[in-house]
Amino acid sequence: MAPQQDLQQPQEPESELQNSQEPEFETQDSPKTQPKPQKSQELATISQGSSAQVEKKTATQKVKNCAQNAVTKVSLTFNKKRARNAIKKVAFSPKSRDFARVVNKYARRNEKIADLLLEKGAHDRLERLGSERLEAGKYFAKLTIKNWEEYRDQKFRLYQNGKVVYGNQIEPPARGFPLEYRNIIVTSRDIANFSLSIDAPFTLAISEGAFTTEQQVKYDIQYGVEQHDNVFYSLRGNTTNPSKILITFPGFGPSTTRVSYAVSYLKALSDQDLSDTLMICFQDRYMVSGTYMMCDSSRRALYPKVKKILDNFKDKYGIEDDKMLFFGASKGGSIAIHYAQEYPQATLLLAVPQMNLPYYMNKPFFRYNLYGTFRENLDQAPDIGKLQQPEDLLRSYLEQKRTIHYFYTTSDELSNHSLIELVRGVPKLTKYRINGKHGEVARIALPSILNIIREFLGANTERSIACEDVRTFHDEQFLYSQLRIESGLPESASSDTETNWFIEADDEGTKLRVLLTSHSYDFVKYTKPAQRLYAAYDPIEKFDKIVGLNTDGTRYIGTFPERLTRAEDQIQEPVFNGAPKLSIDTQGNIEQYTIINGANLGRFQYRAHIINHDGVLAEVHIVDDINRASYVRESSFQETTPTKSLTVVESLDDFTFVQLFALRTVITSGCERLRIVLHSAHADAEIVKSLVKTDWIKVQVVVVRPVENLDIDRRPFANWIKKRRLNVLGSAQRQRTLLTETPYQKTVLPRRRAITPDKISVSASSTSQATAKKKAKKTVSKATVQSSTVETLPESTPVDTMPSGVLHKVSYEQPPSATHQETNTTSSPDVESSPTQKAETPQENPTPKNKKTRGSASHKKKGNLLARKRRR
């Protein structure tokens, strides 16, 4: 803002106008010009009148002067804003941006220029001018949250005019720096349009150029990151006449780091290692922390631009696909899978890639940043949920028999998506199982990763070693091994930071390598508890080698004197081979699916069908026997939440991971809402808890049959019922809500009448609601109950009365055995019911004295009038 004296300088003409009136005003106050007091009353009256006129004129003139001053100030402010906007328009013009990019390019190559710009404080402005160019009407925003310590670990959302533009979970920033979230994409420059979901003070800066930090600038200079048409990368190695290309993609860093955009530089690779190879290190420099390089900050697809860059280098140096290697860890692994599509002969080196990106949707960063942004205008930008997922691409690569090295951990089901653990019989695929968390895999497996890269570069050696002894230890369903190899190996071979040791199995053409630990005796290698083998699904009898991978490219290989063996009581479970993909339309067939997370194994049989392609609800019905259960289509009338897919599933492992199965179903269907209907007679309250806690925003669980230890009047079930995340059919407390709040209420039988389940049916034709209501009335039983009671649905009734939509009937075929005890004689023959289910009988309550009974004359008269109105 301009100094106050600058604003007052143009006011001189106004002061002259004031001076022209000053004598008259001063006459009143000055003792020299003030008239002498008169004794006459008449003169006193005249004097008072003239004084009042002077005061009135003076006040009027003051008002005029204030108004003119205000107009002048507003005009000056407006002119300054116009001038400022004009300067910004020139500064962010294409020519100015191109000039800034040229300066930044030279600064990254010349340390003296870079130091000079940093010293003058001009580098930040030049970086902003030369940054990514957004579409018209879009801006970069920097959010700074103050007093973040009071709100640590809380989730927050940034709103623009009531619409979420960003969200995350508060984490500590780098020590000594404020908590900042840079490069949020917004569509308004007016800070008054923004608000925060938490009561924390914050500031917001908005610009047409991207925000950066001094640390980020120094990082880019250190690693030579350059910008080429909104694509950022650095080059290493042989840039003159390479014969190979090594392409790397970055992973995620902490959301509050000062270096938000990194590159996978692999500093352990020397210039000598890359003497014959061009290394391209891409930077995911979009939005707050990257977009998996699916699109830029304006949601424009990046694939054509990145592919063009790769093809230009490939054609420039005449390099074939088999001389290319794509590497990435975590997010970088997903990007590598994405950009290797059109290079079938290239080698893929992956470390814990995320197989299904929508699976991360409920994380605050993904929910309110990537997905929220992508879903705003699907016609203008790619939606991550609708793009071809890494899982689908990897399946196609396995069918093509590409060369793939895949590092994973069994405790990372969120990334694995139960795919890599079950893959076998694929040649050229090598699986590396590493113990540790998701973020630790790449660090632990770095010696192996560098060994594979040096093998690609042609700088590897292989050495045979003797394996003298192998011992196997059994513990329930787990196995542990201890191996003794020859002594006298180099010292680096005994260090876990320089050499990774594995036991290897040839699983029908696919190599499975499980990490070992080096003992204090350098010739002993063994499995820790976190590295144990699983008798349920590991090929125990096929492990016959020990392999050591050193960072310098040396590979040690030895053969077991005898293979591993499992104990007599350790049985290999029949796991569905090939990791079948989950489907929402099985064409009437029963399919299998498996979920693995460490030692836990969940196997399912299911049948699915698409009801309405435009629906927004995915229904998952959990039954006890898929062979006896079948589902029927409902009528296709309009609902508030129309169903898209319906899945009937049977758990083969006591409901293990059944909530994950439901979660994957709704993600596969692409729906916003999930409804889980529990028909099983063997579930307990803990199963209901796990289902209600399914990691999805809009989820509802319906319990059809009585559940052991399920007390709906106590927490947490009472709270879930109040929030409509849980519905327990057969409960009088909930039945009232079910019958009064459902959009399907028009076809539901009236209250205070018993419902006969064997007469309830839903037509598959699109009949009108009025016709459906008449049919429902005809099926009403003539039995009556007391006025104070509420009707209840028998457990065998189709669950089609829900507040948010219509449930689809699940019926069961009668088994051929006449002695089967699960059928109920009072239920429909095509509906399975629980042997423990008892019909609920209404409890009689005394009628209040001051209330008219149902049999009174006035009550009958009122009923007749209502009946006439209904007929009309």
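Hi everyone. First, some ground rules: this is a predicted model, where local features need pLDDT of at least 70, side-chain atom pairs count only at pLDDT 80 or more, and totals for chains, interfaces and linings use all residues. Residues are numbered from 1 along each chain as its sequence is written, and side-chain values use heavy atoms, with hydrogens and water left out.

Let's start with the whole chain. There are 21 helices and 33 strands in the chain. Both are DSSP runs, numbered from the N terminus: helices are H or I with at least four residues, and strands are E with at least two. Of the 872 residues, 50% are buried, and buried means under 20% relative accessible area, with a 1.4 Å probe and protein chains only. The accessible surface of the chain is about 43,400 Å², and carbon and sulfur atoms account for 48% of that; these areas come from the Shrake-Rupley method with a 1.4 Å probe.

What share of contacts between residues at least 6 apart in sequence joins residues at least 24 apart? The share is 74%, where a contact means heavy atoms within 4.5 Å.

Now let's look at one sheet. Strands of a sheet pair through backbone hydrogen bonds, either parallel or antiparallel. Here we have an open sheet of three strands in the order β4-β1-β6, with antiparallel pairing. Its edge strands, each pairing on one side only, are β4 (179-186) and β6 (202-207). On average, and ignoring direction, neighbouring strands in this sheet are turned by 20° against each other, an angle taken between axes fitted as lines to C-alpha atoms, on a scale from 0 to 180 degrees between N-to-C directions. Strand β1, residues 139-145, pairs with β4 over seven bridges; for strands to pair, DSSP has to find at least two bridges between them.

Next, helix α8, residues 214-223. Which of its residues are buried? They are Q216, V217, Y219, D220, I221 and Y223. Just after α8 comes G224, with a positive phi of about 65°.

On to salt bridges. Side chains of opposite charge can pair when their charged atoms come close. Here a salt bridge is a side-chain nitrogen of Lys or Arg within 4 Å of a carboxyl oxygen of Asp or Glu, and the count by this rule is 30.

One of them joins E391 and R395, with the closest N and O atoms 3.1 Å apart. Both sit in helix α12 (residues 390-399), and because they are four residues apart there, about one helical turn separates them. E391 is buried at 5% relative accessibility, and R395 is buried at 18%.

Another joins D538 and R433, at 2.8 Å from N to O. D538 is in the loop between β22 (533-534) and β23 (543-550) and R433 is in strand β14 (residues 429-433), so this pair ties together parts 105 residues apart in sequence. D538 is buried at 2%, and R433 is buried at 6%.

E619 and R675 also meet in a salt bridge, at 3.4 Å from N to O. E619 belongs to strand β27 (residues 617-623) and R675 to strand β30 (residues 673-678), so parts 56 residues apart in sequence are tied together. E619 is buried at 0%, and R675 at 1%.

Finally, R424, D507, E508 and K542 are linked in a network of salt bridges.
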